[in-house]
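Morning, everyone. I have one structure to show, and I'll keep it short. Here it is.

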Amino acid sequence: MAVFVYAENINGVYKKAAFEAVSYAKAVADQAGDTVTAISVNPTDSSDLLYKYGASNVINIKDDGLKNFSAKAFAQAVNEVADGNTIVFPHTTDASSVAPMLAVMKNYSLITNVLEAPESLSPFQVKRRAFSGKGFMHAKAEGNGVIITVSQNAFGVKENAVSGSEEVKNLSVANEDTKVISHEQSSGKLDLKEAEIVVSAGRGLKGPENWGMIEELANVLGAATACSKPVSDIGWRPHTEHVGQTGKAISPNLYIAVGISGAIQHLAGVNSSKTIVVVNSDPEAPFFKSADYGVVGDAFQIIPALTEKIKALKG
Amino acid sequence: MKILVCISSVPDTTSKINFTADKSAFDKNGIQWVINPLDEFALTKAIKLQESQGAVVTVINVGDAATEPVIRKALAIGANDAVRVNLDPKDSYSTAKEIAAVAQNGGYDLILCGKESIDYNGGSVPGMVAQLLNQPFVNASVGLDVNGSEATAVREIEGGKETISVKLPAVIAGQKGLVDEKDLIIPNMRGIMSARTKPLQVVEAVSSEVKVQGVSYDSVPPRAAVKIVSADNLDELVRLLHEEAKVI
């Protein structure tokens with residue numbers, strides 16, 4: 001039976017997490033000797049983008065009632081068209097709201113925060129993130145159907161072009177319980193969980209007025225910005241930037257931590273980053289023990305200098 | 001207004017996480033247990049609604065008797081009463097089923113939860129409870145007001161925020177921002193004393209169906225020793241990131 005995947009879009013445009021989920025679904029389908037069907041709600045992007053990562057069928061749900069997001073209505077819509085025993089979602093905020101509701105509707109097992117391709121398909125067993133990044137769990141699904149959410153930046157986006165076909169499904173799902181009053185999207189800002197490079201800073205920066213150099217380094221690198229918990233608690237940065245055990249868990253390719261000592265709760269949210277660079281004036285900062293590269297010194301001199309050198313590298 | 005707050009008992013955030021020698025389970029030795037920090041935001045929000053709107057706040061926990069100190073702490077923070085479902089929960093589905101069973105006949109206007117627990121990180125219980133009760137669900141909520149039979153919730157979306165109105169009863173999963181960190185309630189002596197006499201009802205589980213098993217667990221492998229680069233030689237750092245790690 002075909003593997004289904006929920007290809008999330010924002011305002012019709014596919015997210016990177018959608019391509020990663022399709023890549024993951026393709027790996028499952030290859031293991032099972034089957035094909036991938038992607039489901040999307042009101043996309044404006046071309047289905048070619050999904051064929052590129054291995055989806056050979058794309059079901060485009062058209063429903064004016066689903067112009068605004070509602071976890072329950074989206075779960076109902078996906079439930080109507082997902083006719084397979086494996087359904088893959090990205091572990092984004094919206095998709096991980098839909099997946100639990102769909103799991104109950106279908107009476108399927110749900111395994112979230114998945115990191116790798118499955119260890120076995122029958123029963124479905126897979127490695128997932130647990131204990132806020134301080135450990136891993138190998139989870140086994142009971143029963144016939146399984147829904148999984150794939151942790152962002154864990155499996156990666158893998159091109160695997162197939163020839164595909166598209167089907168349009170016109171639905172009219174009732175969406176009466178919730179109504180969007182306002183929607184604020186900060187334009188031009190990289191999504192922290194999707195970013196491949198993250199530049200983060202802590203109390204070592206001494207005040208919010210000093211974040212300009214962090215933003216500049218992030219701009220040069222095409223990175224998102226983040227912060228430690230104390231910094232968001234004091235209000236120097238918005239809590240949406242807080243990475244750590246009670247904030248966001250991220251797994252970028254490169255995490256640069258400036259003036260962050262590296263408390264166990266902070267490490268929990270960032271230690272699945274592939275490469276970690278720590279800049280701190282205190283040579284005893286515990287974060288150095290969990291870093292790949294470290295620079296001991298004054299961030300106010302190091303960061304602007306590093307920014308210039310990276311600018312030069314990028315030409 | 002009646003509010004049900006779902007709380008989970010989890011290892012303190014400073015805990016080192018170890019697994020048993022055969023890697024089949026989390027090693028609970030030496031662990032301090034706390035209310036899941038994300039549930040604490042939900043509980044504090046409920047207490048604020050109790051103060052401003054006279055809401056009655058019940059906390060629910062699915063757990064064995066060992067979780068009672070954490071339930072008592074929730075009562076000390078200000079919940080009116082508590083229910084413990086006597087089951088050592090094995091997965092999100094079994095937990096959600098028990099919460100939904102208690103909620104079914106409770107006539108709650110609002111069910112508040114943290115968006116995930118910091119131990120198993122399933123992030124699935126709130127949405128499952130909502131679906132089992134056929135109620136609307138708002139996840140990752142960073143703001144909430146209640147006005148009669150409607151709530152206005154602010155939810156975090158990638159790169160922004162969305163404000164929505166929700167018909168009650170509903171399930172809302174909160175996170176940091178639902179209340180400010182500084183507004184979290186630390187129980188005072190009066191709260192602790194009164195918690196001892198508040199009702200804590202223990203009910204038996206209605207189902208033992210488990211959909212996901214934890215087969216084995218691994219610790220995070222240690223990283224190789226850090227390479228320290230001199231602050232005077234940032235060219236070397238750039239070279240390492242470009243040529244060795246290949247990340248820039």
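What percentage of the 248 residues of chain B count as buried? The figure is 55%. Keep in mind that this is a predicted model.

The C-alpha atoms fill a box of roughly 65 × 45 × 40 Å along the principal axes. Now the contacts between residues at least 6 apart in sequence: 69% of these join residues at least 24 apart.

Next, the surface. Chain B exposes about 10,500 Å². Carbon and sulfur atoms supply 48% of that area. On charge, chain B carries 25 positive and 31 negative side chains. The centres of the two sets lie 3 Å apart.

Now the aromatics. Over all chains, the search finds 12 aromatic pairs. One of them is Tyr120(B) with Tyr217(B), an edge-to-face pair. The ring centres are 6.5 Å apart, with 70° between the planes. This pair links distant parts of the chain, 97 residues apart. Tyr120(B) is in the loop between β6 and α4, while Tyr217(B) is in strand β12.

Are these two tyrosines buried or exposed? Tyr217(B) counts as buried because its relative accessibility is 6%, and the cut-off is under 20%. Tyr120(B) is partly exposed, at 31%.

Both belong to one aromatic cluster.

Last, lysines over rings. The charged end of Lys158(A) sits over the ring of Phe155(A), 3.9 Å from its centre. In chain B, Lys211(B) lies over the face of Tyr93(B), at 5.1 Å from the ring centre.

Technical notes:
Residues numbered from 1 in each chain as written. Chains lettered and ligands numbered in written order. Predicted model: local features only at pLDDT ≥ 70, side-chain atom pairs only at ≥ 80, totals over all residues. Heavy atoms only, no water. Buried < 20%, exposed > 50% of the residue type's maximum accessible area, 1.4 Å probe, protein only. Contact = heavy atoms within 4.5 Å. Areas by Shrake-Rupley, 256 points an atom, 1.4 Å probe, with all protein chains shown as cover. Lys, Arg positive; Asp, Glu negative; His and termini not counted. Charge placed at Lys NZ, Arg CZ, Asp CG, Glu CD. Phe/Tyr/Trp six-rings, centres within 6.5 Å; stacked < 30°, edge-to-face > 60°. Helix = DSSP H or I, 4+ residues; strand = E, 2+ residues; numbered from the N terminus. Lys NZ or Arg CZ within 6 Å of the ring centre and 35° of its normal.
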